[in-house]
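Grab a pencil and work through these exercises one at a time. Try each task yourself before you read the solution.

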Amino acid sequence: MVCVPYLLLLLLPSLLRVSADTTEPCELDDDDFRCVCNFTDPKPDWSSAVQCMVAVEVEISAGGRSLEQFLKGADTNPKQYADTIKALRVRRLKLGAAQVPAQLLVAVLRALGYSRLKELTLEDLEVTGPTPPTPLEAAGPALTTLSLRNVSWTTGGAWLGELQQWLKPGLRVLDIAQAHSLAFPCAGLSTFEALTTLDLSDNPSLGDSGLMAALCPNKFPALQYLALRNAGMETPSGVCAALAAARVQPQSLDLSHNSLRVTAPGATRCVWPSALRSLNLSFAGLEQVPKGLPPKLSVLDLSCNKLSREPRRDELPEVNDLTLDGNPFLDPGALQHQNDPMISGVVPACARSALTMGVSGALALLQGARGFA
């Protein structure tokens, strides 16, 4: 079996032929921990990626080009390279900016099935062509975290079920943003037995009805944290109805950064999940506390809304930790800062929160998913 150092020796002559003044598409940090490749050159030197074989975190951007040229190697059985792949240190891998044949993507997943990869991110990808037939058993990596941002699939809404078949069980965090389709055919979706975190933020066209279609009933039995920031949610009661239909019991629900409407009078009262303890309604444009909230919560965040007066006790659930910062009744300039965060040289709390929403959300998602073998 060929070992990693020997592979490096084989590729060394091709690397040395690169001119000294040529910018390397790949850069490895001094600690051999993170390696980043950006293949934007018209004739990229793909061999530069060999230096990433020693890294723990690897990020590869293909510069928006098609990777069809690599399709001829998709039929190679990765089992013959199993020992080499197992020796790789990579735990986090990000692939982006490319047109990828589905057959090639599946081949990569099959090879990664022999690795110790824990976190995979696919970003700005166009997956083309049909997905190969489902294997008898999952042959891909045993991921704890899967993140997808702006990934389109020829197979439409069936993509998640097809991708799921190539991953070993045990996925704990699933993050899907800027999706082209979240209307999953539930019959083709297996149960996510271990999934505790589902983030569907940054899907502004999702809405209450789209959430109902995305949350297939009984497919997320272990769900604890559901994030729906900037997901086109319309009313808290509409979200509640989707959760009830899916029979999920999240402990934490993030509905921030949606333009929420107050539930219409006479609307059917929804029974919230009994496990729900934390509800984030910040940056929701609320002018009053919505009716029909869960009767008891540990945490309720109503910060950075448009509340012109302090809510009365009978308008609020029984709550231990209530946040009302950034509302006009506490800060007369709050609305101006929400509409224009740079209105003054001092950045208020709500403006800081808006500017760092993506960072804080990503950190929250990765909590508990950093333990690598």
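## Exercise 1: A sulfur bridge

Cysteine 35 and cysteine 52 are joined by a disulfide, with 2.0 Å from S to S. Before going on, note that this is a predicted model, where local features need pLDDT of at least 70, side-chain atom pairs count only at pLDDT 80 or more, and totals for chains, interfaces and linings use all residues. Residues are numbered from 1 along each chain as its sequence is written, and side-chain values use heavy atoms, with hydrogens and water left out.

**Task.** Work out the handedness of the disulfide of cysteine 35 and cysteine 52, and say where the two cysteines lie.

*Step 1.* Check the bond: a disulfide is a pair of cysteine sulfur atoms within 2.5 Å, and this pair has 2.0 Å from S to S.

*Step 2.* Look at the torsion about the S-S bond of cysteine 35 and cysteine 52: it is about -55 degrees, so the disulfide is left-handed.

*Step 3.* Cysteine 35 sits in strand 2 (residues 34-38) and cysteine 52 in the loop between strand 2 and strand 3, 17 residues apart. Here helices (H or I, at least four residues) and strands (E, at least two) are DSSP runs, numbered from the N terminus.

*Step 4.* Buried means under 20% relative accessible area, exposed means over 50%, and partly exposed is in between (1.4 Å probe, protein chains only).

## Exercise 2: Two more bridges

**Task.** The structure holds 4 disulfides; find which parts of the chain are tied together by cysteine 186 with cysteine 216, and by cysteine 240 with cysteine 270.

*Step 1.* The sulfur atoms of cysteine 186 and cysteine 216 are 2.1 Å apart. The torsion about their S-S bond is about -85 degrees, so this disulfide is left-handed.

*Step 2.* Cysteine 186 lies in the loop between strand 7 and strand 8, and cysteine 216 in the loop between helix 5 (207-214) and strand 9 (225-227), so the pair ties together parts that are 30 residues apart in sequence.

*Step 3.* Compare the ends: cysteine 186 is partly exposed at 26% relative accessible area, whereas cysteine 216 is buried at 0%.

*Step 4.* Now the other pair: cysteine 240 and cysteine 270 have their sulfur atoms 1.9 Å apart. Cysteine 240 is in helix 6 (residues 236-246) and cysteine 270 in the loop between strand 10 (252-254) and strand 11 (278-280), so parts 30 residues apart in sequence are tied together.

*Step 5.* Cysteine 240 is buried, with a relative accessible area of 0%, and cysteine 270 counts as buried at 16%.

## Exercise 3: Rings that meet

**Task.** Sort the ring pair of tryptophan 153 and tryptophan 159, then the pair of tryptophan 159 and phenylalanine 184.

*Step 1.* The structure holds 5 aromatic pairs.

*Step 2.* Tryptophan 153 and tryptophan 159 have ring centres 5.2 Å apart and planes at 5 degrees, so the pair is stacked.

*Step 3.* Tryptophan 159 and phenylalanine 184 come out at 5.7 Å centre to centre with 75 degrees between the planes, an edge-to-face pair.

*Step 4.* Tryptophan 159 lies in helix 4 (residues 159-164) and phenylalanine 184 in the loop between strand 7 (173-177) and strand 8 (197-199), so the pair ties together parts that are 25 residues apart in sequence.

*Step 5.* Tryptophan 159 is buried at 3% relative accessible area, and phenylalanine 184 is buried at 8%.

## Exercise 4: The largest pocket

**Task.** Describe the lining of the largest pocket: which element gives the most, and how do the residues split by class?

*Step 1.* On a 1 Å grid over the protein atoms alone, a pocket is an open set of points with protein on both sides within 12 Å along at least five of seven lines, and lining residues have an atom within 4 Å of a point.

*Step 2.* The largest pocket is lined by 39 residues, and Ala49, Ile60, Phe70, Val108 and Ala111 lie nearest its centre.

*Step 3.* Helix 3 gives the most to this lining, with 7 residues.

*Step 4.* Split by class, the lining has 33 nonpolar, 5 polar and 1 charged residues. Ala, Val, Leu, Ile, Met, Phe, Trp, Tyr, Cys and Pro count as nonpolar, Asp, Glu, Lys and Arg as charged, and the others, Gly among them, as polar.

Definitions and conventions. Rings of Phe, Tyr and Trp (its six-membered ring) pair if their centres lie within 6.5 Å; planes under 30 degrees apart count as stacked, over 60 as edge-to-face and the rest as tilted. On a 1 Å grid over the protein atoms alone, a cavity is a set of points where a 1.4 Å probe fits but cannot get out, and a pocket is an open set with protein on both sides within 12 Å along at least five of seven lines; lining residues have an atom within 4 Å of a point.
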